[in-house]
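Please open the model in your viewer and keep the selection tool at hand.

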Amino acid sequence: MEKGSSEIDVHASVEIDGAPDLDSAVIVALGCNDKGAWADCREALEASLARFRSEGIDVVARSSWWRSAAWPDPADPPFLNGVVIVRTEHEPHDLMAALGRIEEAFGRQRGRPNAPRTLDLDLIAYGRLTGQLDALVVPHPRAADRKFVMGPLAEIAPAWIHPLNGRTAADLAISASVGIDAAPGR
């Protein structure tokens, strides 16, 4: 795909006033294993990113798309996943609501846990916030163990430090035990 106005530089750094600021990074993971109305999951994920701006979410860095077998049931269609670092004025709950509206617009159906889905958007981290904020837990309680999250994050922010365990994204990508087949797609 040629670089156009809707495509974002995969290797853009996160900067605030010219200096890297991973401590304030807001990180969102994207996934798809049901193309829905789109030609394929890559097209669905790209279209979802284009929708972020209309919800007040600016993508400042993004990973490549990673392929992996579905988890926990590898008989389900394989996943395409990626990670973005965003800048937004939304507080965590408002950001989750905005992500939910995008999922809904892309036909996300909430059925059984881990069922195939047209779009899955997860808030992985909101700066250095930790703990339970009503029904929202940050950082995402299972992200550190998922290679299909930490691998893409390590692509764009290998030095990002997990707010609870103190390990870098690069280290977590190596030690992740879920989705260990995850690798950048072709």
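Predicted model: local features only at pLDDT ≥ 70, side-chain atom pairs only at ≥ 80, totals over all residues.

Now show helix 1 and helix 2 as a whole, and look at their axes, which come within 10 Å and cross at roughly 135°. An angle over 145 degrees would count as roughly antiparallel, and one of 65 to 115 as roughly perpendicular, so these two helices are described as oblique to each other. The crossing of helix 1 past helix 2 is right-handed.

**Into the core**

Next, select Leu30, Phe52, Ile57, Val84, Val86 and Leu123, which have the most contacts inside the largest nonpolar core, a group of 27 residues. Several elements each supply at least two residues of this core, including strand 3 (26-32), strand 4 (57-62), strand 6 (79-88) and helix 2 (92-105), while the largest share, six residues, comes from helix 1.

Which residues does isoleucine 57 touch, not counting residues up to four places away in sequence? Select Ile57 and its surroundings, and you will find Phe52, Val86, Arg87, Thr88, His90, Leu95, Ala98, Leu99 and Ile102.

Finally, move to another core, which lies apart from the largest one and has 25 residues, and select Ala125, Ala144, Trp160 and Ala169, which are among them. In soluble globular proteins, nonpolar side chains tend to be buried together.

How values were computed
Residues numbered from 1 in each chain as written. Heavy atoms only, no water. Core = buried A, V, L, I, M, F, W, Y, C linked by side-chain atoms within 4.5 Å. Buried < 20%, exposed > 50% of the residue type's maximum accessible area, 1.4 Å probe, protein only. Helix = DSSP H or I, 4+ residues; strand = E, 2+ residues; numbered from the N terminus. Contact = heavy atoms within 4.5 Å. Axes fitted to C-alpha atoms, helices over the stretch in contact; angles between N-to-C directions. Parallel < 35°, antiparallel > 145°, perpendicular 65-115°, else oblique. Left-handed = near helix turned anticlockwise from the far one by under 90°.
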